[in-house]
Amino acid sequence: MYRAFEKFNRESNDEHSRLAEGIAAQMENFSTYFGFKLAHLLFGASEQLSKTLQSKDTALQDALDAAELAQSYYARICTEEMFDTFYKEVLSSSKDKTSQLCLPRKRKRPK
């Protein structure tokens with residue numbers, strides 16, 4: 001995806017190309033990639049619930065079932081085991097897409 005931003009940056013030389021260059025640089029950060037993956041995990045269920053609730057053919061029982069299903073999904077993924085599995089998957093899938101994961105340097109407290 002970020003390759004499209006790099007291509008746009010190479011083909012033109014204006015304000016928009018510089019903006020595309022900045023976006024491409026951010027896309028190569030592990031933290032950005034991790035954030036997108038986490039957002040997809042979390043908002044996927046709520047998007048499905050939203051579609052169900054907004055459908056004009058949805059009955060009350062369908063809405064209640066969809067809400068209960070979303071609630072049980074969130075309860076299931078909010079465990080340390082699930083987070084460990086998710087994090088390992090993100091690490092393995094990000095190897096060729098992002099820069100290496102590195103911890104921020106320790107900052108000294110001001111005197």
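These legends describe close-up views of a predicted model.

**Figure 1. Overall fold of the predicted model.** The protein has five helices and zero strands. Along the sequence, the pattern reads α-α-α-α-α. Of its 111 residues, 17% are buried. Among contacts with a separation of 6 or more, 62% join residues 24 or more positions apart.

**Figure 2. Packing of helix 3 against helix 4.** Two packed helices are described by the angle between their axes and the distance between the axes. Here the axes of helix 3 and helix 4 come within 9 Å. They cross at roughly 175°. Angles over 145 degrees count as roughly antiparallel, so helix 3 and helix 4 are roughly antiparallel to each other. From helix 3, the contact takes in Leu41, Leu42, Ala45, Ser46, Leu49, Thr52 and Leu53. Helix 4 meets them with Asp62, Ala63, Ala66, Ala67, Ala70, Tyr73, Tyr74 and Ile77. By class, the residues of this contact are twelve nonpolar, two polar and one charged.

**Figure 3. Packing of helix 3 against helix 5.** Helix 3 spans residues 30-54, and helix 5 spans residues 80-94. Their axes lie 11 Å apart, at an angle of about 130°. That angle makes helix 3 oblique to helix 5. The crossing of the two helices is right-handed. Helix 3 contributes Phe30, Tyr33, Phe34, Lys37, Leu38 and Leu41. On the helix 5 side are Phe83, Phe86, Tyr87, Val90, Leu91, Ser93 and Ser94. The contact of helix 3 with helix 5 has ten nonpolar, two polar and one charged residues. Leu41 of helix 3 meets helix 5 here and also meets helix 4.

**Figure 4. Thr32 in helix 3.** Thr32 lies in helix 3. Is this residue buried or exposed? Thr32 has a relative accessible area of 17%. Buried means under 20%, so Thr32 is buried. Leaving aside neighbours within four places in sequence, Thr32 is in contact with Gln26 and Met27.

Figure 5. Thr79 sits in the loop between helix 4 (60-77) and helix 5. Its relative accessibility is 30%. That value falls between the 20% and 50% cut-offs, so Thr79 counts as partly exposed.

Definitions and conventions. Residues are numbered from 1 along each chain as its sequence is written. This is a predicted model: local features need pLDDT of at least 70, side-chain atom pairs count only at pLDDT 80 or more; totals for chains, interfaces and linings use all residues. Side-chain values use heavy atoms; hydrogens and water are left out. Axes are lines fitted to C-alpha atoms, for helices over the stretch in contact, and angles run from 0 to 180 degrees between N-to-C directions. Helices (H or I, at least four residues) and strands (E, at least two) are DSSP runs, numbered from the N terminus. Angles under 35 degrees count as roughly parallel, over 145 as roughly antiparallel, 65 to 115 as roughly perpendicular and the rest as oblique. A crossing is left-handed if the near helix is turned anticlockwise from the far one by less than a right angle, and right-handed if clockwise. Contact means heavy atoms within 4.5 Å. Ala, Val, Leu, Ile, Met, Phe, Trp, Tyr, Cys and Pro count as nonpolar, Asp, Glu, Lys and Arg as charged, and the others, Gly among them, as polar. Buried means under 20% relative accessible area, exposed over 50%, partly exposed in between (1.4 Å probe, protein chains only).
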